[in-house]
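Colleague: Please take a close look at one part of this model, the place where two of its chains meet. I would like the cut-offs stated along the way.

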Amino acid sequence: MTAPPAAGAGTSPAIEAADLAFAFGAREVLAGVGLAVAPGELVGVVGPNGSGKSTLVRLLAGLAVPRTGEVRLEGRPLAAWPRRERACRLALVPQDPRLDFAFTVLEVALMGRAPHLASLGFAGARDLAIAREALARLEVGHLEHRSVDALSGGERQRVFLARALAQEPAVLLLDEPTTHLDLRHQTGLHDLVRARCAERGLAVVSVLHDLNLAAAFCDRVLVLERGRAAAVGTPAEVFRPDLLARVFDAPVHVERHPLTGLPVVLPRGTPGPRAVRASGSSGSASGR
Amino acid sequence: MPLRPAAQAHDVPRAAARLTALVLLAAAACGGGPAEPPRAIAARAPARVVPLAPSVTEIVFALGEGARVVGVCGQCDWPEEATRLPRVGGYLAPSVEAVFAVAPDLVLAVPSPGNREAVRALERAGIRVVVVRDRTLDDLWAGMRTVAEALGVPARGEALVARVRAGLEAVRVRVAGRTRRRVLLLVGHRPLIVAGGGTLQGELLAIAGGDNVAADVAEAFPQLAIETVVDRAPEVIVDAAMGTEAGGRALFADLASVPAVASGRIVALSPDALFRAGPRVAEAAAALAHAIHPEAFDTAPAPG
Amino acid sequence: MRPAHLTVRRLALTCAALLVLLAASVAAATLIGPVRASLVAALAPGGAATADHAILFRARLPRVLLGAVVGASLAGAGAALQALLGNALADPHLLGVSAGAAVAGVVVLVAGADPVSPLVPLAAFLGALGTVAVVFLAARAGGRTSPHAILLVGVVCNALAASAIMLVNAIASYTQAQGVLFWIMGSLSSQSYALVALVALYALAGAAWLSRHAHALNLLAAGEEGARTLGVDVERTRRAVFLGASLLVGAAVSVSGMINFVGLIVPHLLRLVLGPDLRLLLPASFLGGAVFLVWADTLARTVLGASELPVGVVTAFLGGPFFLWLLRRSLRRASGG
């Protein structure tokens, strides 16, 4: 699977990559992976651990140089972009972000304005407004004064997302943004991101573990298997039980949800005493 | 690179700050040296003597017993014959091996933090060690007598004491009747260290017709602030520190309110004799007197 | 609870307040000493020849000013270095530059230079430059300046220098050893106004240089990759900050020996009060370090009466317990306190 289908007719991709390969020393991590994301599109990246998802995101962010292939941002190769300009258009929310020092929540959000500001980076009224709005939308605005290291993991993740949104990028890369978030915030975050996609034509690449979240929010999904693209397409196209079972090495059910029409992925588990019990007696603890 | 001659043996200046210095020199500053060893049965006078400090070397040679010296410390450079003798390590850290190598039957030492271990090792090996203190003039007289006795020439010891005392007396007489001058005796440039009260150097200063401006400071060799020097306004500054003469002058360059600076009376003296409690203290006193009361040494006859 | 973010106004006000505090401290410290001196007498007509004038303006004021400049340099470099290394427990002497300066100064002292001679600080500064070059080159691997490597090379330099100094001490004469020790412990002395002015200009230049990278250093707190995605040229920033901090420390040590803890305590305390934003913390550390050392030296000059302590002893006495407290605090924090 190499050539990704073109995104929406006529629009040039906000970010695209072709034939990316990367290796850590001798260990090949990615090979022949390509992707194109149109403005306003939310593309999910899924795959088992070690399939190269985070590496792909880092390559897209320009944090690593691919061995082959190139990444183009708004038509220009990443390397051709001056640092500041690139940071104005491309933002990354890393996995599990941390800070060495106890900055406040607002200070972190304001860091997102740095690419737009002059060297000493003092925020003007507009920058403050943008940062505060991002914080408010992520429901951490009331924590403005708090020190970041005093927050819970979920709150901290949302603060860093606010920082990325404050950058007002054209392309947003999210590396497992929901690991610490509860259900409400998982969906809330993606709602917000989708809204931005619609309002401002934000192009988003989001690495996700939760296949159902991917199915619910992503326009398209890229499935990675051992560093290669196993499939790319809409969730309905891509979430097939045989493909998923092979890629994730775990048997699954895929149902079509009666109301939304979206695929719903359920782990099947191996047949055993529980299955026998469920078919026989009532009220067995089969999970929530 | 030639070693600089060591300063006189004295306790490490005991400002609280010198903790680090004490650690470095690896000994507590409490005075007193190794204890006197039990009297070895000396059937006859010792034939092979090793003095472990320049001052004691000078005393032995002054007693006329230089022929018996078989090894000296590294800094022992007077008289000239001493320089040709085998070295047994530094004055602060004598080499026990080197001492054994010259097989002495008498070792002479002064109390010093650096040589305590070595002296103990020598005592354990059964070598007779005699320790003489060197803090004051009284220590000096007692030390000369002790060394003379240990060498079996007590009469010469008395004679030496008398001779040196006479030399000091001559200096005292030379400047008698002259108004005493306020003197600062500089031992170090930076840190600014001076000779305080209760030191041998202070006593020599007094004999030479000077009033030590730092005599009231309890420490032997205190570190002073420059402003204290300005405040005490010495009339003569004797620079016996290890640096250069230019350095000493630079130290006080702008302080015109200090009489010594205004009148240009900053005199550099070589530290050797001044910092050794030995037979040359009279010469040191004379040098001091020359610096403090130069007019007393003019040979031109008074007019009229 | 401190304000949520830094405004230009807050920066200006805080710096102004610290500046006033510094001016007051310099004035007060000049009037304090083991000896009584009258300002009125010194300033009266004809007062230039009096002992009061000499004490206040030749002995004390240059020393107080030197203390301010050295304190500023050390604390400013400390703040920058703590940000660069992402570690609030970093001290500028970790860089190894101080060690290089100390060795060069010690060698020159033992070779016979008068401790008062300008050769000593000059040699020390050359030693500092040499060490900066060595640490810098050694810590670059594949075109990247790694903070980890900087630290390690610095530790090695410090160890080597310590051995060199002990060796020199062993062969030096007794009084030379005194001078060497004094210099290593860290001490201020009454230097010429020319030298003080030179070091002050140098410190100002260093402060300006480091301030240009203050914002980038803030962004570096999110990690190297976080900073890069925000548009920071991480490599250039690291190089510039390392060089700036090293040269500041080198100059300070060249004139005053290794005064410990100033570069650790002052930025750390100020960060607790003012927050980690370097655009404020950096100038505040310069000013705060100046105030700190001026008072530490005043203590050193007066606590023993007529004789005086090297200021390095005072900062060590203050710094040791402080460091222990810091350690306890961060351990307690880490274990979920």
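Modeller: In this model, 35 residues of chain C are in contact with 37 residues of chain B, contact being defined as C-beta atoms, placed from the backbone, within 7 Å of each other. On the side of chain C that touches chain B, the elements giving two or more residues are α3 (51-85) and α7 (174-185) of chain C. Helices here are DSSP runs of H or I with at least four residues, strands are runs of E with at least two, and both are numbered from the N terminus. The largest share on that side of chain C comes from α7(C), with 8 residues. By residue class, the side of chain C that touches chain B divides into 18 nonpolar, 12 polar and 5 charged. Nonpolar covers Ala, Val, Leu, Ile, Met, Phe, Trp, Tyr, Cys and Pro; charged covers Asp, Glu, Lys and Arg; the others, Gly among them, count as polar.

The model is predicted: local features need pLDDT of at least 70 and side-chain atom pairs count only at pLDDT 80 or more, while totals for chains, interfaces and linings use all residues. Residues are numbered from 1 along each chain as its sequence is written, and chains are lettered from A and ligands numbered from 1 in the order in which they are written.

Among the 2 pairs of chains that touch, chains B and C have the most contacts. Chains A and B are joined by no contact, and their closest C-alpha atoms lie 36 Å apart.

On the chain B side of the pair, the chain is divided into domain 1 (14-131) and domain 2 (178-295), with bounds from an automatic or database domain assignment. Between these domains of chain B, 7 residues of domain 1 are in contact with 8 residues of domain 2. The domain 1 side of that contact in chain B divides into 4 nonpolar, 1 polar and 2 charged residues.

Back in chain C, two further helices can be checked for length. The expected span is 1.5 Å times one less than the number of residues. Helix α5 (residues 119-139) of chain C has 21 residues and should span 30 Å; its end C-alpha atoms are 30 Å apart, which agrees.

As for burial, a residue is buried if 20 or more other C-beta atoms lie within 10 Å of its own, exposed if 12 or fewer, and partly exposed in between. Buried residues of α5(C) include C:Phe125, C:Val132 and C:Val135. In α14(C), C:Val311, C:Val314 and C:Gly319 are among the buried residues.
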